[in-house]
Amino acid sequence: MKSKIGLFSFVYLWFLALIALPLTGIAVGAFRKGAMEFFHEFVQPGALFGLKLTFEITACAVAINTVFGVLIALQIAGKNVRGWRVLNVIVDLPFAVSPVIAGLALILVYGPNTLIGGFLQNHSMKLMFAMPGMVMATLFVTLPFVVRELVPVLREMGNGEQEAAMTLGASTWRVFWRITLPQMKWSLLYGAMLTVSRALGEFGAVLVVSGSVVLLTQSATLYVYQSTVNGDMQAAYTVSLVLAATSFLILCLLEGIKRRREVAHS
Amino acid sequence: MSIEVKNIVKTFANDSVALDNVSFTVGEGKLIGFLGPSGSGKTTLLRIIAGLERQSSGQVFISGRPVDDIPPQKRGVGVVFQNYALFKHMTVADNIAFGLKVQKRNAKEIHDRVAQLLDLTHLSAFASRYPRQLSGGEAQRVALARALAPEPTVLLLDEPFAAIDTKVRRELREWVRQIHDKIGVTSIFVTHDQEEALEIADRVLVINQGKVEQFGTPEEIYNAPTSLFVADFVGEANHFRGTSQAGKLTIGPLSLGVADVSDGEELDVVVRPADIKMREITSQSDIVGEIVRLSYRGNSYLVEVKLENGMRVYTYAPKESRPLYTGQQTALDIMDYKLFQGEVPV
């Protein structure tokens, strides 16, 4: 009994030191000079621009990775492409590779001084050091979430219902919308939400491909970092709190989705 | 509608042969059973007819029309899957209505047809339930109603009763036969249960290792098997092997006439338990054995008799026959038997 209490206290202490205290620190830091100062920092052009850019990048990343995540998951689960095993491993690559390296890799392929990047630039399309590159970096980093959520669900679902629907005359498209999607929607939403929270907080990959130019390619996390470097802690705390609060909201949503999903699968 | 299957061959990527030159024709309105051990290729054959799998070569015709390039959506084939494959997120009524909605029938028509099928399958009380709230037998009936709803020209059932307990299974298969007779849709069902196949099918296609062993009425399959496999697989059977000598085949104490076979041939003998009669020992020349086991079968006993040379023979004894007990000595008369040389009947 005693050792149990000891263990519990240790866990709580650990939790406090690692998560609760730093989070409280941000909230306190953001409001230490009052709500007016918080608001003042919030409406700074750099802060507003960074947050707006981050949300835009996140929206793009979620939209694209939801669609492609579903496609990739269908291929892996259906085992109907050659090399689905390889695909299955590649999808996890972003978990294994540091985001900074991912960003660097993108520069090496699509940067202005490369074959592809140069070609695109000649046709006035700028990928790197611009928003499209930041979206690409975020896409890379968040690729696994939707896929990893869907593959087990699709595997469990099997082919039976899809085949049944086909013999009843339903087109592939209809089978997807009426049979496959309704059964995986909660898992899809869960994966999409994970993608959102990861995309909001992405730093390394985005830093490398953006160049962090103020009011041009400086997203919220980059703004926080820049402010810290500049010693402008109030600005850093303010934007951090907004990001953290958004993530907390998503966390609550995730909890709700998780429950729905468990009901749907029981 | 009639179904014609011509020289179907199916090989898988690893070069294993699932179906080897399968041909047969099913007349309109018939109920056909595909019977074979698991892995014999019967389900693959069904899936090829449904269009869910593509044959390596050969052709399938439905009412005279080649359907090989027609996708499953357009074949007009209703399928009842082994594990029902009901749409988990839809109610029973929505499951049944699915095929009708695909056909874009009007709401009134869909409603009436669903009600009609719920009634036919005795499911009216379950219309708003979800598949997870159904028993195996109920789910099976929903699957059947769903497959029948769009009025398919052909109905295919893959091991339709495999996952249902014995009593319900018996009721259900009789009921499927009744529904079939009522609607008259040409139907094929796959089974590994010979009792099931013999009981409800008009004709049975026996498949083994991707080849058709025999295609005939249940009576033909049972009484006149055209291969050793069919004789052994369908019905209970005693199976012996011996060498012919002077027009006789002697296996232990058994001596069977084999007039048309030259000496020294290896022969297989299949004897149905029903073709072996037990009686009291009356003479020195009787085939004599000892009863070693009696299994109660409701209206008869399955009797295991050990012959003098240690060979085991199975026979039936009616319940009201003279009292039997293990250890009892009995004489056996072999009334009928079937001879095979290799796989071919003699």
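**Charges and their partners**

Guide: Let's begin with chain A, which carries 19 positive and 12 negative side chains, with the centres of the two sets 5 Å apart. Here Lys and Arg count as positive and Asp and Glu as negative, leaving out His and the chain ends; each charge is placed at NZ of Lys, CZ of Arg, CG of Asp or CD of Glu. Keep in mind that this is a predicted model, so local features need pLDDT of at least 70 and side-chain atom pairs pLDDT 80 or more, while totals for chains, interfaces and linings use all residues. Residues are numbered from 1 along each chain as its sequence is written, chains are lettered from A and ligands numbered from 1 in the order written, and side-chain values use heavy atoms, without hydrogens or water.

Now for the pairs. Searching the whole structure turns up 29 salt bridges over all chains (a side-chain nitrogen of Lys or Arg within 4 Å of a carboxyl oxygen of Asp or Glu).

In one of them, B:R169 meets B:D193, with the closest N and O atoms 3.6 Å apart. This links distant parts of the chain: B:R169 sits in helix 5 (residues 166–183) of chain B, and B:D193, 24 residues apart from it, in the loop between strand 8 (186–191) and helix 6 (194–200). Helices (H or I, at least four residues) and strands (E, at least two) are DSSP runs, numbered from the N terminus. B:D193 counts as buried because its relative accessibility is 18%. Buried means under 20% relative accessible area, exposed over 50%, and partly exposed in between, using a 1.4 Å probe and protein chains only.

B:D202 and B:R177 pair up too, at 3.1 Å between the closest N and O atoms. Again distant parts are linked, 25 residues apart: B:D202 is in the loop between helix 6 and strand 9 (203–208) of chain B, B:R177 in helix 5. B:D202 is partly exposed at 26%, whereas B:R177 is buried at 18%.

Next, B:R279 and B:D286 form a salt bridge at 2.8 Å, N to O. B:R279 is partly exposed at 25%, while B:D286 is buried at 13%. Elsewhere, salt bridges with shared partners join B:R170, B:R173, B:E195, B:E196 and B:E199 into one network.

Leaving out residues up to four places away in sequence, B:D158 touches several others, including B:T43, B:L46 and B:F81, where contact means heavy atoms within 4.5 Å.
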